[in-house]
Amino acid sequence: MEKKKSRQRLIIEVLGILFGLLWLSPFYLMIVNAFKTKLEIFQNTLKLPAEWTFDNFTQAFEELAFLQTFMNSLFMSVASIVIILFFSAMAAYALSRNGSKLSGAIFFLFVAAMLIPFQSVMIPLVALFGKADALNFYGLIFMYLGFGCSLSIFLYHGALKGISKSLDEAATIDGCNRFQVFWYIILPMLKPISITVAILNIIWIWNDYLLPSLVISGAGTDTIPLKLFLFFGQYTKQWHLALAGLTISIIPVIIAYLFAQKQIIKGVSDGAVK
Amino acid sequence: MKNKDLSFWLFLAPVLFALGTVVLLPLLYGIYYSFTDWNGVSYTQFLGLDNYVTLLKDEGFRDALWFTVKFSVASVIVVNILGLALAMLVTSKIKSRNLLRTVFFMPNLIGGLILGFIWQFIFTKVFDSIGRATGIEWMQGWLSDSATGFWGMVILMSWQMAGYIMVIYIAYLENVPGDLLEAAEIDGANPWQKFRNITFPLVMPAFTVSMFLTLSGAFKIYDQNLSLTNGGPFNSTKMVAMDIVDTAFKFNMMATAQAKAVIFFIIVAIISLTQVYINKKREVEM
């Protein structure tokens with residue numbers, strides 16, 4: 001019985017690993033082919049390169065202006081996240097400490113707004129912000145606050161239920177004003193949920209394509225997803241450069257993932273389950 | 001904080017302003033514009049339901065809608081079966097479970113646009129090479145017709161989403177109490193009975209979350225559609241989200257596009273609300 005069980009487990013182990021390798025094979029094929037010349041990709045897609053060349057990477061790196069593009073993505077994401085976290089936590093705090101019907105209705109409004117898909121508001125949004133001359137980098141960050149605050153407030157609101165109001169009262173008696181209570185007492189206690197909220201928002205904003213393409217495209221602040229179209233012209237596909245460019249673009253994400261995978265998986269799981 | 005407190009409103013002001021100008025106002029304007037001949041800047045007359053009547057006859061929109069429905073149904077089934085299977089694999093006692101968890105979740109972190117480009121390479125170049133080397137015909141010519149475009153999208157979606165759904169199922173599977181399963185085993189339950197009578201009911205809420213996430217995710221998909229097939233060949237794999245974007249920003253038919261956007265909103269809202277309602281009800285009954 002025990003023997004049979006351990007053999008069964010070995011078979012599952014082997015099948016699992018094989019499936020894991022199959023799962024990773026698209027990445028493997030992308031990387032291996034990025035080292036081939038333009039011609040070799042067409043002649044020999046499956047084998048290892050006859051001669052490993054690094055030229056694709058240097059050329060793709062230059063054409064993407066990768067350092068600049070990467071910094072654009074980073075600055076846009078970090079700025080958006082900081083703003084979303086700060087203002088959402090503040091709003092959730094106000095809503096959770098006010099038991100009135102109006103407060104409940106405002107909370108419901110934020111939750112209901114999660115049902116609205118981006119494509120159903122994007123056309124008037126672009127028109128409206130175009131009129132206000134706000135189709136730029138700062139307009140984009142403000143839009144991320146608008147689209148990101150609902151889920152963030154929802155998650156913060158849930159966490160705030162677990163923080164006792166007596167803490168607020170004690171701090172108030174000690175002479176803190178409302179903002180000081182929030183900043184010195186509440187916000188530090190929200191750190192675990194803040195990490196979850198930050199992770200969920202950064203995965204979305206870092207990878208977002210459609211919104212930036214409508215708001216900042218061609219303004220010199222292109223993010224990584226916007227720049228990648230460089231290698232995918234209507235008629236010419238430069239696979240050797242595209243694969244190298246895709247590989248370069250993925251590396252920062254994979255590094256971040258390997259460093260913070262526990263927090264990332266926990267954050268994603270908490271965000272979905274709550 | 002009371003309603004009349006200034007601090008209450010100051011704390012809420014930034015997000016209320018952002019939500020109002022970014023989501024709510026555009027939604028209301030959008031609904032209104034869909035009844036006019038709006039061109040993106042101004043409108044000259046109120047048309048009533050004319051834009052919507054035009055849509056009924058718009059074959060491109062109907063095809064996109066039908067394709068999206070088929071794609072969503074297929075994705076929900078494949079992603080959830082795969083996600084649950086992966087979750088059961090990495091919560092079993094195998095040694096490589098933590099490594100595999102990392103591996104299966106990885107595609108989920110990378111943007112749909114990049115994943116679509118990678119799979120475009122796999123389908124058009126790698127599949128083709130394998131097909132030619134082995135003489136297998138069905139592996140050749142992927143993404144050049146609507147059937148392979150459809151399955152290409154489903155495979156891409158499953159590869160990206162299964163790891164995400166896996167993580168959700170794991171959260172529930174790890175809550176299944178071990179002593180309950182042990183007690184059942186002592187009482188003579190076989191593995192299927194244990195799964196059917198203990199694990200499955202306890203994991204039931206995960207279906208609510210997972211199906212809801214996959215269905216609305218699949219229905220709203222755009223980036224993957226753009227980078228994998230770009231709607232081709234001949235718009236046969238174009239989905240609703242892409243149809244709206246193209247109608248507005250390629251063909252500049254703003255009022256028509258906005259009418260499509262309103263229909264899109266209604267469908268997504270109905271799906272979400274129904275899903276939540278049905279699953280909530282079933283959970284109570286169980």
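Let's start with helix H10 of chain A, where the buried residues are A:Ile193, A:Ser194, A:Thr196, A:Val197, A:Ile199, A:Leu200, A:Asn201, A:Ile203, A:Ile205, A:Trp206 and A:Asn207. Buried here means that 20 or more other C-beta atoms lie within 10 Å of the residue's own; 12 or fewer makes it exposed, anything in between is partly exposed, and the C-beta atoms are placed from the backbone. Helices, by the way, are DSSP runs of H or I with at least four residues, strands are runs of E with at least two, and the numbering goes from the N terminus.

How far does H10 of chain A reach from its first C-alpha to its last? It covers residues 191–207, which is 17 residues, and reaches 24 Å, close to the 24 Å expected at 1.5 Å a residue. That expected span is 1.5 Å times one less than the number of residues.

Quick housekeeping: this is a predicted model, so local features need pLDDT of at least 70 and side-chain atom pairs count only at pLDDT 80 or more, while totals for chains, interfaces and linings use all residues. Residues are numbered from 1 along each chain as its sequence is written, and chains are lettered from A and ligands numbered from 1 in the order in which they are written.

Still in chain A, have a look at A:Phe19, which sits in helix H1, residues 2–34. Is A:Phe19 buried or partly exposed? It counts as partly exposed, because it has 16 C-beta neighbours inside 10 Å.

Okay, over to chain B. Its secondary structure comes to 11 helices and 0 strands. The C-alpha atoms of chain B fill a box of roughly 75 × 70 × 35 Å along the principal axes, and 43% of its 286 residues count as buried.

Now, where do the two chains meet? The contact takes 66 residues from chain A and 71 from chain B, and two residues are in contact if their C-beta atoms, placed from the backbone, lie within 7 Å. On the chain B side, H1 gives the most, with 17 residues. That side divides into 52 nonpolar, 13 polar and 6 charged residues. For those classes, Ala, Val, Leu, Ile, Met, Phe, Trp, Tyr, Cys and Pro are nonpolar, Asp, Glu, Lys and Arg are charged, and the others, Gly among them, are polar.

Inside chain B, let's look at one helix pair. The axes of H3, residues 59–90, and H8 come within 9 Å and cross at roughly 145°. Those axes are lines fitted to C-alpha atoms, for helices over the stretch in contact, with angles running from 0 to 180 degrees between N-to-C directions. Among the residues that meet are B:Phe71 and B:Val79 in H3, with B:Met211 and B:Leu215 in H8. The residues of this contact divide into 7 nonpolar, 7 polar and no charged.

Last stop: the loop between H9 and H10 of chain B, where you'll find B:Pro233. The peptide bond from B:Gly232 to B:Pro233 is cis, with omega near -5°. B:Phe234 is in that loop too, and its phi is near 50°, a positive value in a residue other than glycine. B:Phe234 is exposed, because it has 9 other C-beta atoms within 10 Å. Then there's B:Asn235, also in the loop, with phi near 60°, again positive in a residue other than glycine. B:Asn235 has 18 other C-beta atoms within 10 Å, so it is partly exposed.
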